Structures are given as structure tokens and as C-alpha cells.
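Trainee: Could you walk me through this one? I'd like to know where the labels come from.

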Amino acid sequence: MHASWVEPMRAALAEAAAALATEDVPVGAVVVDEEGRFVGRGRNRREADGDPTAHAEVVAIREAARSRGEWRLEGCTLVVTLEPCTMCAGAIGLSRLDRVVFGAYDDKAGAVGSLWDVLRDRRLNHRPEVVTGVLAEESAGLLLDFFATHRGEAQRRRP
């Protein structure tokens, strides 16, 4: 594991846990600049905002762009608890982030190695570095607990 990404991943895990208050899937993200400062934070807000694009990565990238006063996030790293989907992988590439670090793989929708590998596609003009598996067990645990609870509630509500 890359020890330098543990602290930012813990911050992303805190964002993920905060998503539980709005019954959003617990995924969290932070954007860290080249000095190690947090310039963007995000958590899933699809339920809270009624916005299908309010994924943790997009929320964090938007905040980082506002914080830096520009859309190009060169020199920055996105740290996220779950492997990004295709939409988020596209946003990562378009924002020119230098690197993406994630915890757990997403076998159902992952676009950074599981189902697709969008960020490392040689046809694209920007390919950020990818670091995987940072605090993967903690990241996966939050999701497993969330879905176990929600599946149980859904079954109890059925007639």
C-alpha cells in the first residue's frame, strides 16, 4: 500500500460515512494538490440532491476547480473510496488530474480496471497515474454494511 495516500483516503472515508445521513451510497472523495492540501471534498449526493451526476468524484472535482479558480487540476490527485464509474473516469480525464487513488474495486460499474479501463486507454490524450487498493477493506466494508442494511429493509417492506 502507498502510505502517502492513507491520510487522504481516511478523509475520503469520512466523506463516505457522512453520505449515510442522506441515505446516499457511502462513497467519498477528496482532491489533494501538489502541496498535500485538500482543495476539494465530495460524497455521493444523488439522493440528497436528486441529481444522477452527483457522484462523490464529480462533487469533489467541482469543488477543487472552484477552489483553484480553473478547470485544469494539473498537479492534483483524486482520492476516492470506490473505483470510479465511466462518467467519473471521464470527468477525471477531462479535469487533467495527475493521479487517481482508489480503495475498493467495483465489479459492477468500475471503469478503472474492473469492467473497463478508461483512464489507461492509449487512445486518450490524458492518462493519469492510477493507484489502487488503499484502505480497500475499510472502503468495501462501508459499502457492504450499507447494502446489507438496505437489502434487509427492502425485503421487510415487500408485501
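Predicted model: local features only at pLDDT ≥ 70, side-chain atom pairs only at ≥ 80, totals over all residues.

Trainee: Why is Arg96 called partly exposed?

Mentor: Its relative accessible area is 21%. Buried means under 20% and exposed means over 50%, so Arg96, at 21%, counts as partly exposed.

Trainee: And how do you know whether Leu135 is buried or exposed?

Mentor: Check the value again: Leu135 has 6% relative accessibility. The cut-off for buried is under 20%, so Leu135 counts as buried. Leu135 also has a positive phi, near 50 degrees, and is not a glycine. Its place is in the loop between β5 (129-132) and α5.

Trainee: What makes the span of α3 close to the expected one?

Mentor: α3 has 13 residues and reaches 18 Å from its first C-alpha to its last.

Trainee: Which residues of α3 are buried, and what covers them?

Mentor: The buried ones are Ala56, Glu57, Val58, Ala60, Ile61, Ala64 and Ala65. What covers them includes β1, β2 (38-43), β3 and α4.

Trainee: What makes a group of residues a nonpolar core?

Mentor: They have to be buried nonpolar residues joined through side-chain atoms within 4.5 Å. The largest such core here has 26 residues, and among those with the most contacts inside it are Val31, Leu78 and Leu97. α3 gives the most to this core, with four residues. Val31 touches residues including Ala60, Ile61 and Ala64, as well as Leu78 and Leu97. There's also a second, separate core of 12 residues, which includes Val30, Val131, Val134 and Leu135.

Trainee: How many residues line the largest pocket, and of which classes?

Mentor: The largest pocket has a volume of about 550 Å³. Of its 21 lining residues, the closest to the centre are Val25, Leu82, Asp106, Leu143 and Phe147. By class, the lining has 12 nonpolar, two polar and seven charged residues. Helix α5 (residues 136-157) supplies the largest share, five residues.

Definitions and conventions:
Residues numbered from 1 in each chain as written. Heavy atoms only, no water. 1 Å grid on protein atoms, 1.4 Å probe; cavity = no way out; pocket = protein on both sides within 12 Å on 5 of 7 lines; lining within 4 Å. Points joined across faces, edges and corners; volume = space filled by probe spheres on them. Helix = DSSP H or I, 4+ residues; strand = E, 2+ residues; numbered from the N terminus. Nonpolar A, V, L, I, M, F, W, Y, C, P; charged D, E, K, R; others polar. Buried < 20%, exposed > 50% of the residue type's maximum accessible area, 1.4 Å probe, protein only. Contact = heavy atoms within 4.5 Å. Expected span 1.5 Å × (residues − 1). Lists of a residue's contacts leave out its neighbours within four places in sequence.
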